[in-house]
Amino acid sequence: MTTVTQPRTRRPWHLWLVAIAMFALYLIGASDYILVLAGDTDYIAGNFGQPGVDYFEGYPVVLRAIWTVNIVVGLLAPLLLVARSRWSAQAAVVATIAQVILLVVTFATRGRWEALGVQASLTDIGVGVVTAALAGYCYWMHRRGVLS
C-alpha cells in the first residue's frame, strides 16, 4: 500500500524575518555572554560601570549554567525554525524558561536592577518576552503545517 504524504506549506516571508531577527538578537547576547564570562572588566565597566563589574565578579556557577542554556538554545531555536523543525518551538520554550529563571533569581537575590541599571534590566526582560513570542510563533507555524 502506498501512503500519500501532504506537502509542507512553503516558508512564509515572515518566517525568515523572525528567524533572522531572533538569531541577531541572540548573537548580541552571545557576545555579551562571552565578554562577561571571560572577565573583560573594560567591557563590563563600559556598559554597566563599577556596579556591573562587582555584580559579575564571582557570578555563581549555577547562574552561568542557566545563562549558557539560554544563549545556546536561544541561538538554536531560530536555526531550527529556518530548518522547518517542529523542535524550534521547544527550543524557544527552553530559552524562555532559562531567561525567566535567570531574571527572577538575579532580581530577587543579586540586586540586578541596581547593579546593571534600568536600561539593561528592561532589555533583558524584553528579550524574555520576545523569546516567548518566538515560541508562540513556532507553534503557530507548526499548526499551519510549515514545520514538521
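Select Trp67 to begin: its relative accessibility is 11%, so Trp67 counts as buried (buried means under 20% relative accessible area, exposed over 50%, partly exposed in between, with a 1.4 Å probe and protein chains only). The model is predicted: local features need pLDDT of at least 70, side-chain atom pairs count only at pLDDT 80 or more, and totals for chains, interfaces and linings use all residues. Residues are numbered from 1 along each chain as its sequence is written, and side-chain values use heavy atoms, with hydrogens and water left out.

Next, look at the aromatic pairs, of which the structure holds nine. Rings of Phe, Tyr and Trp (its six-membered ring) pair if their centres lie within 6.5 Å; planes under 30 degrees apart count as stacked, over 60 as edge-to-face and the rest as tilted.

Tyr33 belongs to helix H1 (residues 13-37) and Trp67 to helix H3 (residues 61-82), 34 residues apart; helices (H or I, at least four residues) are DSSP runs numbered from the N terminus. Tyr33 is buried too, at 17% relative accessible area.

Now select Phe48 and Phe56. Their centres are 6.1 Å apart with planes at 50°, so the pair is tilted. Phe48 is partly exposed at 21%, while Phe56 is buried at 12%.

Finish with two charges. Arg110 lies over the face of Tyr55, 5.0 Å from the ring centre, and Arg144 over that of Trp140, at 5.1 Å. A charge sits over a ring if NZ of Lys or CZ of Arg is within 6 Å of the ring centre and within 35 degrees of the ring normal.

Note on methods:
Helices (H or I, at least four residues) and strands (E, at least two) are DSSP runs, numbered from the N terminus.
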